[in-house]
Amino acid sequence: MYSILFVCLGNICRSPTAEGVFKSFIDDAGLSNQVLVDSAGTSAYHVNEAPDPRSQQEAKRHGYDLSRIRSRKVTSDDYEKFDLIIAMDESNLNNLKSFKSSIYGAKLKLFLKDFAPLLSIRDVPDPYYGGAKGFTQVVQLIEQASEGLLEHVKAEIKSKRG
Ligand code: 4NP
């Protein structure tokens, strides 16, 4: 399996949305038996909680079901287990890097910068303390970067197959 972990702060808004959206891209591409998608948070603030109701509602409006996801904190095993660890913003990327970047730096990515480089922003903005527009923007940005990530994953699977 090729494996991808999305990471934000709380694992209740941005990274579960990315998990749900990208799983749907993977399903639609017929790759669900070859690609594993998961998400986690750099904090333990919301461990075991379902995604924020505002994120679930906005995702649902776009056809994605987040209801079965539960928040968990990133673990040291994740660095070994996943092929790609994709941060939603630079603060979370720096947090991930501060832990084991010397060994695992190459698999640590910034979602928009690395997979939607034509967008003018690099971070998926934290919607938690803001209004509904922020949640809509999160889904839109994640869908755009998921296009680029899907192409990357297809190429990786091909090259791994040799
Ligand atoms: P997320 O959003 O990192 O996209 O899940 C947040 C969720 C909770 C908090 C901050 C951001 N919080 O401070 O509790």
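Predicted model: local features only at pLDDT ≥ 70, side-chain atom pairs only at ≥ 80, totals over all residues.
Visitor: Which pocket holds the ligand?
Guide: Happy to start there! The residues around the ligand include Cys8, Arg14, Tyr45 and Asp126. The space taken by the ligand is the second largest pocket.

Visitor: How many nonpolar, polar and charged residues are in the shell around the ligand?
Guide: Let's look at who is there. Sorted by class, the shell has 7 nonpolar, 3 polar and 2 charged residues.

Visitor: What percentage of the ligand's exposed area does the protein bury?
Guide: An oxygen atom of the ligand is 2.9 Å from a polar backbone atom of Leu9, and for Cys13 the distance from a ligand oxygen to a polar backbone atom is 2.9 Å. At Asn11, the corresponding distance is 3.3 Å. Taken alone, the ligand exposes 350 Å², and the share of that buried by the protein is 93%.

Visitor: How many charged residues are in the lining of the largest pocket?
Guide: That takes us to a pocket with a volume of about 230 Å³. Its lining includes Glu19, Lys23, Asp27, Asp65 and Arg68, along with residues such as Gly20, Ser24 and Tyr64. By class, the lining has 3 nonpolar and 4 polar residues, and the charged ones number 5.

Terms used. Residues numbered from 1 in each chain as written. Heavy atoms only, no water. Near = heavy atom within 4 Å. Polar contact = N/O pair within 3.5 Å; in protein donor to acceptor, adjacent residues only side chain to side chain. Areas by Shrake-Rupley, 256 points an atom, 1.4 Å probe, with all protein chains shown as cover. 1 Å grid on protein atoms, 1.4 Å probe; cavity = no way out; pocket = protein on both sides within 12 Å on 5 of 7 lines; lining within 4 Å. Sits in = over half its atoms within 2 Å of the grid points. Nonpolar A, V, L, I, M, F, W, Y, C, P; charged D, E, K, R; others polar. Points joined across faces, edges and corners; volume = space filled by probe spheres on them.
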